[in-house]
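Here is a short briefing on one protein chain. Look at the structure first, then read on.

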Amino acid sequence: AGCCGTKKQKLNNSSSIPCNGTSVISNGIRNGMVAHPEMCFFCFDVLYCHLHSLEPPKTPDFCNDPYPLFVTWEIGKDRRLRGCIGTFNAINLHNGIREYAVTSAIKDSRFSPISREELTKLHVSVSILRHFEDGADYKDWEVGVHGIRIEFHNEKGSKRTATYLPEVATEQGWDQIQTIDSLLRKGGFKGLVTPDIRRNIKLTRYQSE
């Protein structure tokens, strides 16, 4: 994740925060860093206002270009996952972070909604996803560098998808095979994971800030 934080802080520079970099690649995404700590402060503001039924915070100063993104909430000193939801569609960052700061906090079906009482114990990270590439096979990616999104058919023949952000495999101590097998389970595959199942996966790799 490109930025993370635990509480609201005042930035030294209160002027507008542009997208860094000036060159543009073919898909319209700028080179250079996009993620900024202010994005995480904004997540806390948005969630605080939502949980206290207040007016949403003012429009932030950071870059508003469209990117795919994920917002991840963790809690406590051991940083237990509390919610993580995002989108692979490019979305303007102001509205996207505003939307997914709340969605990941209250609509992740793996967890109960985050409560007011938990606010002071939370950590948040915003992942800006970039550099998407089709993998040649299920092993065409590097642990600790790439996030991966897989498409596969479950044991009933239905198409399913699942993703892990770049930091997940490293944090769990997984190699490529362990990561792929875990991701299949995350995506709902309940059958025996065989080499043929892995070979039939369509993999997309990406990086995040």
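Is Ser53 buried or exposed? Ser53 is exposed, with a relative accessible area of 68%. Here buried means under 20% relative accessible area, exposed means over 50%, and partly exposed is in between, with a 1.4 Å probe and protein chains only.

This is a predicted model, in which local features need pLDDT of at least 70, side-chain atom pairs count only at pLDDT 80 or more, and totals for chains, interfaces and linings use all residues. Residues are numbered from 1 along each chain as its sequence is written, and side-chain values use heavy atoms, with hydrogens and water left out.

**Overall build**

- The protein has five helices and seven strands. These are DSSP runs numbered from the N terminus: helices are H or I with at least four residues, and strands are E with at least two.
- From the N terminus on, the order of elements is β-α-β-β-α-β-β-β-α-α-α-β.
- Of the 209 residues in the protein, 45% are buried.
- Contact means heavy atoms within 4.5 Å. Among contacts with a separation of 6 or more, 71% join residues 24 or more positions apart.

**Two positive phi angles**

- Ser53 belongs to the loop between H1 and E2. Its phi is near 55 degrees, a positive value in a residue other than glycine.
- Arg79 also has a phi near 55 degrees, again positive in a residue other than glycine. Its place is the loop between E2 and strand E3 (80–92).
- Arg79 is partly exposed, with a relative accessible area of 34%.

**Aromatic pairs**

- A pair of aromatic rings is described by the distance of the centres and the angle of the planes.
- Rings of Phe, Tyr and Trp (its six-membered ring) pair if their centres lie within 6.5 Å. Planes under 30 degrees apart count as stacked, over 60 as edge-to-face, and the rest as tilted.
- The structure holds eight aromatic pairs. One of them is Phe42 with Phe62, edge-to-face, at 5.8 Å centre to centre and 75 degrees between the planes.
- That pair links distant parts of the chain, 20 residues apart. Phe42 is in helix H1 (residues 37–51), and Phe62 is in the loop between H1 and strand E2 (66–75).
- Phe42 and Phe62 are both buried.
- Phe152 and Phe189 form an edge-to-face pair too, at 6.3 Å centre to centre with 80 degrees between the planes.
- Phe152 lies in strand E5 and Phe189 in the loop between helix H4 (176–186) and helix H5 (195–199), so the pair ties together parts 37 residues apart in sequence.
- Both Phe152 and Phe189 are buried.
- Phe70, Phe88, Phe132 and Tyr206 are linked into a cluster by ring pairs.
- Phe88 also has a charge over its ring: the charged end of Arg149 sits 4.6 Å from the ring centre. The rule asks for NZ of Lys or CZ of Arg within 6 Å of the ring centre and within 35 degrees of the ring normal.

**Two buried residues**

- What is the relative accessible area of Phe42? The value is 3%, and Phe42 counts as buried.
- Leaving aside neighbours within four places in sequence, Phe42 is in contact with Pro57, Lys58, Pro60, Phe62, His94, Ile97 and Arg98.
- Phe42 and Thr59 are 17 residues apart in sequence and 9.2 Å apart in space, C-alpha to C-alpha.
- Arg198 is in helix H5. Arg198 is buried, with a relative accessible area of 13%.
- Not counting residues up to four places away in sequence, Arg198 touches Tyr138, Ile177, Ile180, Asp181 and Val193.

**The cavity**

- A cavity is a set of points on a 1 Å grid over the protein atoms alone, where a 1.4 Å probe fits but cannot get out. Lining residues have an atom within 4 Å of a point.
- Grid points are joined across faces, edges and corners, and a volume is the space filled by probe spheres set on the points.
- The count comes to one cavity of 30 Å³ or more. The largest cavity holds about 40 Å³ of space.
- Its lining includes Trp141, His146, Tyr164 and Thr179.
- Strand E5 (147–153) and helix H3 (166–172) each supply at least two lining residues. H3 gives the most, with three residues.
- By class, the lining has seven nonpolar, three polar and no charged residues. Ala, Val, Leu, Ile, Met, Phe, Trp, Tyr, Cys and Pro count as nonpolar, Asp, Glu, Lys and Arg as charged, and the others, Gly among them, as polar.

Methods. On a 1 Å grid over the protein atoms alone, a cavity is a set of points where a 1.4 Å probe fits but cannot get out, and a pocket is an open set with protein on both sides within 12 Å along at least five of seven lines; lining residues have an atom within 4 Å of a point.
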